[in-house]
Amino acid sequence: MTGKKISLNGISKRYGDFVAVSDMSLTVEPGEFVSFLGPSGCGKTTTLRMIAGFIMPDSGALKIGDVEVTYLPPNKRDLSFVFQNYALWPHMTVAENIGFGPKLAGLSRADIDKRIRDALSLTALSGLESRFPRQLSGGQQQRVAVARALALGRSVLLMDEPLSNLDRKLRVDMRKELKELQRRLNITTVYVTHDQEEALSMSDRVAVMDRGRIASLAVPEEIYRNPPNEFVASFVGGVNYFNGTLRHVDSSRSFFIADDGLEFHITRRENTPEGTVRLMTRPEWIVLRSGEDKGLNTHPVTVDFIEYLGASRKVSATTETGRKLLIQVHDVDPMSIEVGDRLTFHIAAQNMMLIK
Ligand SMILES: Nc1ncnc2c1ncn2[C@@H]1O[C@H](COP(=O)(O)OP(=O)(O)OP(=O)(O)O)[C@@H](O)[C@H]1O
Ligand SMILES: [Mg+2]
């Protein structure tokens, strides 16, 4: 199987006066895994369903490979779809569910059986072929839905929140399985989720969506580490913002004074303006230290609240200037922290990022 390129060119969809998807353009490369990530109602499903052909766009054009498919029915688009609720046929066995598409396509019995066998083995379902969906666990049903999509032998795989019905542990296992399968098959994939961890861990690129538009499209590290704006920064993780003034010191360093007077040296990056700016840092990029610690980018802080999360602790703290900070302390740190402690925090120069 070789994936085909998907091209969206100015795709829009309105419901009455409401614009659900607005002038969306995007190219998904052959074999690439792209996620649509965003809050409820931002247009993820609508966009995916337009790619699939279940919803017709009001304007714009859509190509799969070199073929314009904007107004073609779903079965003429060389793609398959995995639904959030799996939509398995309850009266068919696992094998019949998987073989239904190939049968409808008029394949020979031998070819249908091979498709079923291959799909079962790819999704680790061999042995369960005669069961009915009601005799399967949620995770197994999810696998059948994927197997059924793969058995169609199409070049593009579209998935709408396929893991959201599973409990957390299974979801985490399945996302690795799905990703490995996708990589092995090299099938072009568009994946809808509102779970940031899922999007970051599975995707080659993530499209963060906001009110029918793409707020940012980039590789996961870039989305998390260097988000272009507040919406993207806050959607994918915890964040602290600093408004203030930036001056360049030399070719590699800049000096930042926050509006509450806190001073930081930060790494100078290309195209960084001087003057009024907004910076951001993630809670886990801040280091808490004992109260005596002094030095560059290190300031006093008082602990207000501690949330124990197992692998880490989320610490709310206030600086002497009255600024509230969110700091994540990983459990590798043996320091005991208590509410009321007067400590210092340190932010490394490369861990303050410019943001709009
Ligand atoms: N058939 C419809 N008629 C009217 N409005 C609709 C219709 N379908 C979707 N919408 C609206 O369009 C917007 C986008 O819906 P969509 O289903 O694409 O959101 P989503 O990003 O998939 O959200 P979720 O994470 O909740 O699934 C929503 O505000 C929704 O209410
Ligand atoms: Mg949806």
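How many Å separate the centres of domain 1 and domain 2, taken over C-alpha atoms? The answer is 39 Å. This is a predicted model, where local features need pLDDT of at least 70, side-chain atom pairs count only at pLDDT 80 or more, and totals for chains, interfaces and linings use all residues. Residues are numbered from 1 along each chain as its sequence is written, while chains are lettered from A and ligands numbered from 1 in the order in which they are written.

**Domains**
- The protein chain splits into domain 1 (6-235) and domain 2 (238-355), with bounds from an automatic or database domain assignment.
- Six residues from domain 1 and four residues from domain 2 make the contact (C-beta atoms, placed from the backbone, within 7 Å).

**Ligand 1**
- Around ligand 1 you'll find Tyr15, Ala20, Gly38, Ser40, Gly41, Cys42, Gly43, Lys44, Thr45, Thr46 and His194 (C-beta atom, placed from the backbone, within 6 Å).
- Helix H1 (residues 44-52) gives the most to this shell, with three residues; helices are DSSP runs of H or I, at least four residues, numbered from the N terminus.

**Helix H2**
- Val94, Ala95, Asn97, Ile98, Gly99, Gly101 and Pro102 are buried in helix H2 (residues 94-104), meaning 20 or more other C-beta atoms, placed from the backbone, lie within 10 Å of a residue's own.
- Those buried H2 residues pack against helix H3 (109-122) and helix H4 (138-150).
- After H2 comes Gly106, with a positive phi near 85°.

Conventions
Helices (H or I, at least four residues) and strands (E, at least two) are DSSP runs, numbered from the N terminus. A residue is buried if 20 or more other C-beta atoms lie within 10 Å of its own, exposed if 12 or fewer, and partly exposed in between; C-beta atoms are placed from the backbone. Two residues are in contact if their C-beta atoms, placed from the backbone, lie within 7 Å.
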